[in-house]
Amino acid sequence: MYATDLALVAGATLRLTRLIATDDAGKVIRDPARWWATPPEHTGFPEAYEWRSTLVDGLECPFCVGYWLGAGVLISWAVAQRHPLTYKAWRLAAA
């Protein structure tokens, strides 16, 4: 791995983590997820939605989000290296 690729992986992971976990732009992801995790008023089984709430709480945890995004960025980097054109596109998107 080149030093520039390492910097791009780290930078993309850090920026995406901040975007989803704390930025106002991340509300586009967090708000529908919060709605999905909230049980309807008429249901008699709110405990059936507890696992959904746990998943959505993970979207507000920078450590949780960062781990999975870091894995995704590394996998995308590994896949993009197979073809020069996709590798150039990956570097452009990561930058």
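Reply: Start with a term: a residue counts as buried when its relative accessible area is under 20%, and as exposed when that area is over 50%. Keep in mind that this is a predicted model.

Me: Is T17 buried or exposed?

Reply: T17 has a relative accessibility of 10%, so T17 counts as buried. T17 lies in helix α1. Leaving out residues up to four places away in sequence, T17 touches T22, P62, V65, G66 and L69.

Me: How are two packed helices described?

Reply: By the angle between their axes and the distance between the axes. Take helix α1 (residues 3–21) and helix α4 (residues 62–80): their axes come within 9 Å and cross at roughly 140 degrees. Angles over 145 degrees count as roughly antiparallel. The pair α1 and α4 is therefore oblique. Their crossing is right-handed.

Me: Which residues in α1 and α4 meet?

Reply: From α1 come D5, V9, A12, T13, L16, T17, I20 and A21, and from α4 come P62, V65, G66, L69, G70, V73, L74 and W77. Eleven residues of this contact are nonpolar, four are polar and one is charged.

Me: How do I read the sides of a single helix?

Reply: An α-helix has 3.6 residues a turn, so residues three or four places apart point the same way. In helix α2 (residues 27–37), the residues R30, A33 and A37 are buried. They lie on the same side of α2, because they cover an arc of only 70 degrees around the axis. V28 and W35, on the other side of α2, are exposed.

Me: What do the buried residues of α2 pack against?

Reply: They pack against α1 and α3. As for α2 and α3, their axes come within 8 Å and cross at roughly 165 degrees. That angle is why α2 is roughly antiparallel to α3. The crossing of α2 and α3 is left-handed.

Me: Which residues of α2 and α3 meet?

Reply: A33, R34, W36 and A37 in α2 meet W51, R52, S53, L55, V56 and D57 in α3. The residues of this contact divide into six nonpolar, one polar and three charged.

Me: What is the relative accessible area of D57?

Reply: The value for D57 is 38%, so D57 is partly exposed. D57 belongs to helix α3 (residues 50–57). From C-alpha to C-alpha, D57 and W35 are 12 Å apart in space, and they are 22 residues apart in sequence.

Methods: Residues numbered from 1 in each chain as written. Predicted model: local features only at pLDDT ≥ 70, side-chain atom pairs only at ≥ 80, totals over all residues. Heavy atoms only, no water. Axes fitted to C-alpha atoms, helices over the stretch in contact; angles between N-to-C directions. Helix = DSSP H or I, 4+ residues; strand = E, 2+ residues; numbered from the N terminus. Parallel < 35°, antiparallel > 145°, perpendicular 65-115°, else oblique. Left-handed = near helix turned anticlockwise from the far one by under 90°. Contact = heavy atoms within 4.5 Å. Nonpolar A, V, L, I, M, F, W, Y, C, P; charged D, E, K, R; others polar. Buried < 20%, exposed > 50% of the residue type's maximum accessible area, 1.4 Å probe, protein only. Arc of directions from axis to C-beta.
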